[in-house]
Amino acid sequence: MPATDRRISIKAIIALLFYLIIPLTAIFIIIATYPELSKERFVTMVYWFVPLAIILVLISQASIRYPKGHNMTFFLDITYVVFTVLWLFAFIGGGLSITQSWGEYEFTLHLWKYVVVILFVAVFNMIYYTLEWKTYRKEINQAS
Amino acid sequence: MNKEKLRLIRIAAITMSVMLGTLTMCNLLTVMTHGIELEIPDEGQYTWAIDPVDMKMIIMSEFTVKNHGAYDIENIDINARIITGQGKELLNYEEKDLAVSSGSDKKFDIILDISLNDIELENWLTLLYMDTTLSLVVDIDAEYMFGLIHLTVDETLDRDWIAPLSSYAPEHDIMPWILGAFGSYSMAIDQQIWDIQKTAVEYLMEVDEFYYASEDGYEILVTGQNSSGELRELECAITIPVDALSGNIMLEYSMTFGIVNDIVVINVQEVKVVYASN
């Protein structure tokens, strides 16, 4: 079955689950389980990552309209990676550190090493999509 | 590049992405929802003891780290300092490379070992005479999730310190003078203190002996020695009952002092701190 004939892509379903439904459910469970926690932080997280998750689902769905090796597929894949990084940033609070309370005392989580790992994985994915685009583009050019 | 190699890279990329997403959701949310907690003892949870042979004051307590996160907390470094309101450091406590395994609660014993002979007289005087605020400055560093997350705690806990001798001053006419004279060694001098100090120094230049004892066991004995020009030698012995230690701390020191060019000069010598149990 050609990719363009599918109504909903598996990638879009996975993105919907992984970037939207599971995190939202987790946050609602946390808010219900720990009413003493400040809701403000979680509301801010939801405010940022929900639109990004919707964009990721739409990109995933749009990418099945084009075959591998197509310039538009490449563009959508790279955009997907960029938005995934933004989603992760939104999820960790949008900065390199998070201040939380530890018992009655405040503590700070410094996440710069974690962010380096995020960027490394993002670059790795971009390299993959570039190689995929180059490999399949050759096939398209040869066929035409 | 052939498609087989491309597929392997794809698998690696997906695996890394899924792991990263899982780490983000599972671990960060755990940390943010009291998955890790620290219980620091409050004022009433300290135990004091004295080792009279080695002249050590031992303060014992414990703190608990609850690690209900998915990974061990490692490389916990703790630095705690007690600082007086005048900025003098009374105590510096350090522990390094502690660890708390995932899913466990761990108690750490705090044993502060203070040599009574090593406490500077200046700090003793500050604590004896001056109501102040003692600041416990706590710095904690730790690593979580393979060191990818660095945790830091920088807390300053202020506690009021009521100087044991300051409350006795009004009961005896001469006490403010004496306290002023001794305390001038460490106090920041304002005009009012300067007046008290000068009066006290003038008084102590004249008397051969001064003794004061309170009902609660505080004793001050000052013995005047030889005068040399504008300076005079004094032998001082101060006994302070400490209920928490079930005994007394005796501070013995000699000093020369006087007024030179209208300025109070005080030189403290031969300090000795003695503990005596009841």
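Guide: Before we turn to helix packing, one definition is needed: axes are lines fitted to C-alpha atoms, for helices over the stretch in contact, and angles run from 0 to 180 degrees between N-to-C directions. Please keep in mind that this is a predicted model.

Visitor: At what angle do helices α3 and α4 of chain A pack, and how are the two oriented to each other?

Guide: The axes of α3(A) (residues 71-91) and α4(A) (residues 112-143) are 9 Å apart, and the angle is about 170 degrees. Angles over 145 degrees count as roughly antiparallel. Therefore α3(A) and α4(A) are roughly antiparallel.

Visitor: Which residues of α4(A) meet α3(A), and how many residues of this contact are charged?

Guide: From α3(A) come F74(A), D77(A), I78(A), V81(A), V85(A) and L88(A). By class, the contact has ten nonpolar residues, one polar and one charged. The residues that α4(A) contributes are I118(A), A122(A), N125(A), M126(A), Y129(A) and W133(A), and the number of charged residues in the contact is one.

Visitor: How are α2(A) and α3(A) oriented, and what is the handedness of their crossing?

Guide: Helix α2(A), residues 39-63, packs on α3(A) at about 160 degrees, with the axes 9 Å apart. That angle makes the pair roughly antiparallel. The crossing of α2(A) and α3(A) is left-handed.

Visitor: How many nonpolar residues take part in the contact of α2(A) with α3(A)?

Guide: Among the residues of α2(A) in this contact are W48(A), F49(A), L52(A) and L56(A), and those of α3(A) include L76(A), Y80(A), F83(A) and W87(A). D77(A) also belongs to the α3(A) side of this contact, and D77(A) is listed in the contact with α4(A) as well. Of the residues where α2(A) meets α3(A), five are polar and one is charged, while the nonpolar residues number 16.

Visitor: What order do the helices and strands of chain A follow?

Guide: Chain A has four helices and two strands. Of its 144 residues, 27% count as buried. Read along the sequence, the pattern is α-α-α-β-β-α.

Visitor: Which element of chain B gives the most residues to the side that touches chain A?

Guide: In this interface, 31 residues of chain B are in contact with 29 residues of chain A. The elements of chain B that give two or more residues are α1 (3-32), β1 (36-39) and β8 (149-161). By class, the chain B side has 18 nonpolar, eight polar and five charged residues. The element that gives the most, with 15 residues, is α1(B).

Visitor: Is N75(B) buried or partly exposed?

Guide: N75(B) is found in strand β4 of chain B. Its phi is positive, about 50 degrees, although N75(B) is not a glycine. A residue is buried if 20 or more other C-beta atoms lie within 10 Å of its own, and exposed if 12 or fewer do. Because N75(B) has 16 other C-beta atoms within 10 Å, it is partly exposed.

Visitor: Is V201(B) buried or exposed?

Guide: V201(B) is in helix α4 of chain B, residues 191-206. Its C-alpha atom is separated by 7.6 Å from that of I259(B), 58 residues apart along the chain. With 20 other C-beta atoms within 10 Å, V201(B) is buried.

How values were computed. Residues are numbered from 1 along each chain as its sequence is written. Chains are lettered from A and ligands numbered from 1 in the order in which they are written. This is a predicted model: local features need pLDDT of at least 70, side-chain atom pairs count only at pLDDT 80 or more; totals for chains, interfaces and linings use all residues. Angles under 35 degrees count as roughly parallel, over 145 as roughly antiparallel, 65 to 115 as roughly perpendicular and the rest as oblique. A crossing is left-handed if the near helix is turned anticlockwise from the far one by less than a right angle, and right-handed if clockwise. Two residues are in contact if their C-beta atoms, placed from the backbone, lie within 7 Å. Ala, Val, Leu, Ile, Met, Phe, Trp, Tyr, Cys and Pro count as nonpolar, Asp, Glu, Lys and Arg as charged, and the others, Gly among them, as polar.
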